[in-house]
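The following exercises are to be worked through with the sequence and the model at hand. Each task is followed by its solution.

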Amino acid sequence: MPVMVFAASHGTSSPTGQAAVRGLVDAVAARLPAPVVRCHVDVEQPSVPSALAAAPAGTRAVVVPLLLSAGYHVYVDLAEAAAESPVPTTVAGALGPDGRLAAVLARRLDEAGWRPGASVVLAAAGSSDPRAVADCRRTGELLAARLGVPVTVGFLSAAEPRVADAVAAVRREAPGSPVFAAPYLLAPGYFLDLVAAAGADVVAAPLATPDSTPDELVDVVAERAGL
C-alpha cells in the first residue's frame, strides 16, 4: 500500500514563518521516499482533515506533527483527524524532546553571541497539558547538558513561569549577566514576537528560518515518519 506523509504544522499568519515551514517540508520531501503534503492544524489551509480527505483511495497516511511537544493538538485534533480520515491513518510522535533539537537550540544561541557566563531562558509556547509541559522541561535539561550551564524554562501561554518572569528571575540571580532567550519554536511568528517582548537582552533565532533549515531538524521529522 503506497504511503503519503502529511506534515502538519500549527499554521501561522506570518509570511516569514510560512516560508520557514515550507523550507522544512521541502527538505523533508527531498529526504523521504514518499510524497509529503504540507497541512495545518490552525490558521492556514489546507487543514489536516481536508488534506487527508484528498488522499487517493488505497493510500496509507502518516501524519507527522511539526509540533515540538505533544499536547492538545496531537492528542485531540490530530487523533480525531486520523480517526475520521477516509484512508488508514496513523499519527507520529511530536518532534521533541530530542537531543538533536537541543543541538540546534545551542547553535542558534552561539549564532546570537552567547558565551558561558550569560544566562539562558528556554522560551516555550506552553500548554495546558502537563505532558507537553514536561516535554519542554526535558528539552531545557537537554540544552543545559549541552551548554554546561543551567537553563531556566519559561512559557508564553498556559503554563508557569511565563517567559518574562523567568527572564526577570535569572536577572535577579545573576545581576549584570546578559540574558539570552532561546525560542523553543519551530519558526518565526506571533510567539517569537512575544519572546522578543519578554525582556531578554538577546533573542536567538527559532529552530527554522526561511534561510536556514537545520539538518538535525530534517532528520527528526524524517525519522518520525517511520519510512
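A residue is buried under 20% relative accessible area, exposed over 50% and partly exposed in between (1.4 Å probe, protein chains only). The model is predicted, so local features need pLDDT of at least 70 and side-chain atom pairs count only at pLDDT 80 or more, while totals for chains, interfaces and linings use all residues. Residues are numbered from 1 along each chain as its sequence is written, and side-chain values use heavy atoms, leaving out hydrogens and water.

**Exercise 1.** Determine which residues of helix 3 are buried and which are exposed.

*Solution.* Step 1: locate helix 3, which comprises residues 72–83; helices are DSSP runs (H or I, at least four residues) and strands likewise (E, at least two), numbered from the N terminus. Step 2: Val74, Leu78, Ala81 and Ala82 are buried. They lie on the same side of helix 3, because they cover an arc of only 100° around the axis, taken from the directions from the helix axis to the C-beta atoms. Step 3: on the other side, Tyr72 and Ala83 are exposed. Step 4: the cover over the buried residues includes strand 1 (3–9), helix 2 (48–53), strand 3 (60–65) and strand 4 (89–91), where contact means heavy atoms within 4.5 Å.

**Exercise 2.** Describe the aromatic pair of the structure.

*Solution.* Step 1: ring centres of Phe, Tyr and Trp (its six-membered ring) must lie within 6.5 Å; planes under 30 degrees apart are stacked, over 60 edge-to-face, and the rest tilted. Step 2: the structure holds 1 such pair. Tyr190 and Phe191 form this tilted pair, 5.9 Å centre to centre with 40° between the planes. Step 3: Tyr190 is exposed at 58% relative accessibility, whereas Phe191 is partly exposed at 31%.

Technical notes
The expected span of a helix is 1.5 Å times one less than its number of residues.
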